[in-house]
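The sequence and structure are shown first, and the description follows.

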Amino acid sequence: MADIICRNSLLFDGSGTPPIIADVAVTNGKITAIGSHLEAACNTVEIECQGLWLMPGLLDIHTHLDLEIELAPELPEVVRHGTTTVVISNCSIGVTYGHQRSNGEDPIVDCFARVENMPKPILKRVADACTWSDSESYLHHLESLPLGPNVVPLIPHSMLRIAVMGLTASISRKPTQQELAHMEQLLEAGMTQGYAGFSTDALPFHFLANSPNKKKKIPTQYACFQELSRLTNIVRRYNRVWQATPSKDNIFVAVRSFMLSSGRLYKHSLKTTVLAAIDLQTNRSAMYLCLLLSSILNSRIFKGNLRFQALSSSFRIWSDGAINPIADEIPEFRALNELELDDRLGRARILNDPKWVKAFRKMWLKGKNGWSFRKILRLFRMEGVVLTRNLNDMIVAECPLASWIGDTLEAPYRRLLMYQAAGAHNAASTDEEEVFFSSFPNPIKDDAAFFLHLLRTWDTDLRWETTFANRNVKTLKKLLFHKQTLPGFNDSGAHLANIGFYDGNLRALKIAQQEGLKQVSVMVHRLTGLPAKFFGIHAGLVRPGMQADLCIIDPIALARWNPEKTYHFIHRPQFGCRQVVNRPDAVVRNVIIGGKVAWHDSGYSEEFGKTAYGRVIRAKDHPSEQNIL
């Protein structure tokens, strides 16, 4: 008899077909029956789903949860949002080969601290615990943990290079032919062991965090095309996935790299998933170029298999002074980010360096004044950088002046201009603001001088937020349903104090809900069955014989939820820092993983975090997966 029966649900099975009213029975961790009035035993747990949506557990196809798994393997923030399967070791970084320490190098700290905005003390603690040294041992380690969701690991390229060359060599020279052959052997071993794919990275703001490497990018970015070609050819042979990011500032390099997906050029197509197609506020053309490139490569001419990942959320970021995940793209901000977070004196020296100030002002004011080609690009949202330089886009979250909180930085800047104008000394909104205004250079030259003064005075005590991308709901909807994209990219586990996208999949369902149940069914498929098929794993469907990973959604609570109003900060003792989260109230009623209820009625089950609910999912053609169904 069944252990659990979900009664009278509106069932979306993950295939994209219209939903049906049905009961779903779960026995010994698997789905055993779908129908009406299924028979229950006296000890069967019955979950009434009248008026609720039942669907496969959602997939998060791009995460950086590798570190959190070592500290809190239940991944509670993931599970409470209905996600039951996560892909880890993205963007070429992970802990697949252990701590990889040698000759005073600490690669986990070096690679993660700036790329993913992780506290160094936590990273060091994680590295201490990473005692394995090969990919097979890492899988066994993951299998020993009380996992919350299922985990799908990739082989991360930066760590692969470090395993073969060492950190210093991997960022300072080309590999020898013997070293490249060794990389191929290790990657081949990972594919044989069932890893779902291989991850690389080419984004311009991914730098190392420890001296003497702070001006160097992570190792994957020093790989030549020949190296990428040889390694991805192994991934192609196993029909696994290549996760990549584009060389944003070099379209030729990006196109050449993604041509590796072509089945026409390489006999067999390579499943390629790329981060990311988003509607940037500073460059609206980037999204269209991504979709165009994907369409061309996937055409009959090239026979590729490339999908750009799509973020289901507005790209909202919190910045501490000049420090945020995007800032390393710009050299002037990068100089500040190279310092440790608590090095206020070091940042003050830079902020008062005349040479740096001149460079900063040139960068900040580019395209703002007069008429120029740069001004036209700015007006038409065609700039080459992601970071906003518009005070109207920057909303104060925290600062020493309470009256500023919730306001844009443009508002006090305008008041300052009025305050400094003759006869306008009553322009300050409060006495405290008037005192602060008196500390500014008079006259203030421009908004660059205004922002510089804030950084000099407050440093990281100024916390501001902005939405860098996906502001337009209509454009976002098109992206999420576009045939060239894969939604489900949430970046979970990254940038803990700066972004919170754990709710991304629920946002996608909410957007689909506004179009009716047919579109909800399509979106459920795009968040479950479709990515599971693309990654070649057993997940994402409600079918007899499948592992019972299920999510129950309250559609009324989903419709009422305003995702932009539920952000808040919590203190995570596991990390010793605060984390931005977005927790919709009562939207996710139940989450079942491996046939066990992990989340119910806004709380975790008693055994959650103590025993394993999820498992390590290997590629479905791996021998260990043959008896799953």
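## Burial, dimensions and nonpolar cores

Buried residues (under 20% relative accessible area, 1.4 Å probe, protein chains only) account for 63% of the 629 residues in the protein. The model is predicted, with local features requiring pLDDT of at least 70 and side-chain atom pairs pLDDT 80 or more, whereas totals for chains, interfaces and linings use all residues. Residues are numbered from 1 along each chain as its sequence is written, and side-chain values use heavy atoms, without hydrogens and water.

The protein contains 24 helices and 24 strands, assigned as DSSP runs (helices H or I, at least four residues; strands E, at least two) and numbered from the N terminus. A compact globule of 629 residues would have a radius of gyration near 25 Å, and the protein agrees because its value is 25 Å; the radius is taken over C-alpha atoms, and the globule rule is 2.2 Å times the number of residues to the power 0.38.

The two nonpolar cores below are sets of buried Ala, Val, Leu, Ile, Met, Phe, Trp, Tyr and Cys residues joined through side-chain atoms within 4.5 Å.

| Core | Size | Residues include |
|---|---|---|
| Largest | 73 residues | Leu67, Ile69, Ile88, Leu142 |
| Second, separate | 71 residues | Cys91, Val386, Met394, Ile617 |

In the largest core, Leu187, Phe198 and Phe258 are also among the residues with the most contacts inside it. Helix H3 (residues 107-115) supplies the largest share of this core, six residues. Not counting residues up to four places away in sequence, Ile69 touches Leu75, Ile88, Leu142, Leu145, Leu147 and Val151, a contact being heavy atoms within 4.5 Å.

Definitions and conventions: Buried means under 20% relative accessible area, exposed over 50%, partly exposed in between (1.4 Å probe, protein chains only).
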